[in-house]
Amino acid sequence: MIDSTSWQSALLELFGGTFAFAAAGPRRHEDWRRDVQAVMALEASDPRKWGFINCPPPTSNIEKTEKKPFADLRVEEFDALLYRVGWRSATQLLVALQGLYYQAANIPDFEARKRRLFDCAELILSRFQQEAAYYTNAAEARGNSDPDLLNPDTEWNRLSDFTTDCGLIVVADSEVGVFWAFDED
């Protein structure tokens, strides 16, 4: 069963020590993109107050602050940047985001940690209802709602100003979640 302690533990296991963003926010609008946009812009807070991670890469861009890692996107832009995926792909991606180039094969000691990482990913997704919708910017999901995202060999539509970023958006009836990793040269 998920609670504040297990949520924070799972977030730290999957996103601690990486350049990442992991947060949830309330669902207030019929258009879920507006709720996701609010979470990305740090204009919404977790309705359960369970905690979040916001650790983007350092940058030399003076205009970019460490507080807001995403680009200023219009809600209409999400349609061209995101692809819907199923629960299996979403779970794989949450694990893979920890690896270099968002690949599980690049996670140190992956085979020894695999079950624990998947348990954490499943726990995080359990916060959102079973019928939640999942979206990613991994181009491998374009035209394929069930791609293998554990070790994608793909491109990513950038939602930040960093060199690369990849992530997962979860949309449920009452909450949204944004789980992202970043890389900067």
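Asp46, Arg48, Arg127 and Glu175 are joined in a network of salt bridges. The structure described here is a predicted model, and a search of the whole of it finds 14 salt bridges.

Among the individual pairs, Asp146 and Arg88 meet through their side chains in a salt bridge, with an N to O distance of 3.4 Å. Asp146 belongs to the loop between strand 4 and strand 5 (164-171), whereas Arg88 belongs to helix 4 (residues 87-96), so the pair ties together parts that are 58 residues apart in sequence. Asp146 has a relative accessible area of 39% and is therefore partly exposed. Arg88, at 38% relative accessibility, likewise counts as partly exposed.

A further salt bridge links Lys68 with Asp72, and the closest N and O atoms of this pair are 2.1 Å apart. Exposed residues are those with over 50% relative accessible area. Asp72, at 66% relative accessibility, therefore counts as exposed, while Lys68, at 25%, counts as partly exposed. Glu122 forms a salt bridge with Arg115, in which the closest N and O atoms lie 3.5 Å apart. The relative accessible area of Glu122 is 29%, which places this residue in the partly exposed class.

The packing of helices was examined next. Two packed helices are described by the angle between their axes and the distance between the axes. For helix 1 (residues 4-15) and helix 5 (residues 110-126), the axes come within 9 Å and cross at roughly 130°. The two helices, helix 1 and helix 5, are therefore oblique to each other, and helix 1 passes helix 5 in a left-handed crossing. On the side of helix 1, the contact is made by Ser6, Trp7, Ser9, Ala10, Leu11, Glu13, Leu14 and Phe15. Helix 5 contributes Arg113, Arg116, Leu117, Cys120, Ala121, Leu123 and Ile124 to this contact. Sorted by class, the residues in the contact of helix 1 with helix 5 comprise 10 nonpolar, two polar and three charged ones.

Beyond helix 5, Gln130 is located in the loop between helix 5 and strand 4 (133-136). Gln130 has a relative accessibility of 72% and therefore counts as exposed. Although Gln130 and Ala172 are 42 residues apart in sequence, their C-alpha atoms are 8.5 Å apart in space.

Key
Residues are numbered from 1 along each chain as its sequence is written. This is a predicted model: local features need pLDDT of at least 70, side-chain atom pairs count only at pLDDT 80 or more; totals for chains, interfaces and linings use all residues. Side-chain values use heavy atoms; hydrogens and water are left out. Axes are lines fitted to C-alpha atoms, for helices over the stretch in contact, and angles run from 0 to 180 degrees between N-to-C directions. Helices (H or I, at least four residues) and strands (E, at least two) are DSSP runs, numbered from the N terminus. Angles under 35 degrees count as roughly parallel, over 145 as roughly antiparallel, 65 to 115 as roughly perpendicular and the rest as oblique. A crossing is left-handed if the near helix is turned anticlockwise from the far one by less than a right angle, and right-handed if clockwise. Contact means heavy atoms within 4.5 Å. Ala, Val, Leu, Ile, Met, Phe, Trp, Tyr, Cys and Pro count as nonpolar, Asp, Glu, Lys and Arg as charged, and the others, Gly among them, as polar. Buried means under 20% relative accessible area, exposed over 50%, partly exposed in between (1.4 Å probe, protein chains only). A salt bridge is a side-chain nitrogen of Lys or Arg within 4 Å of a carboxyl oxygen of Asp or Glu.
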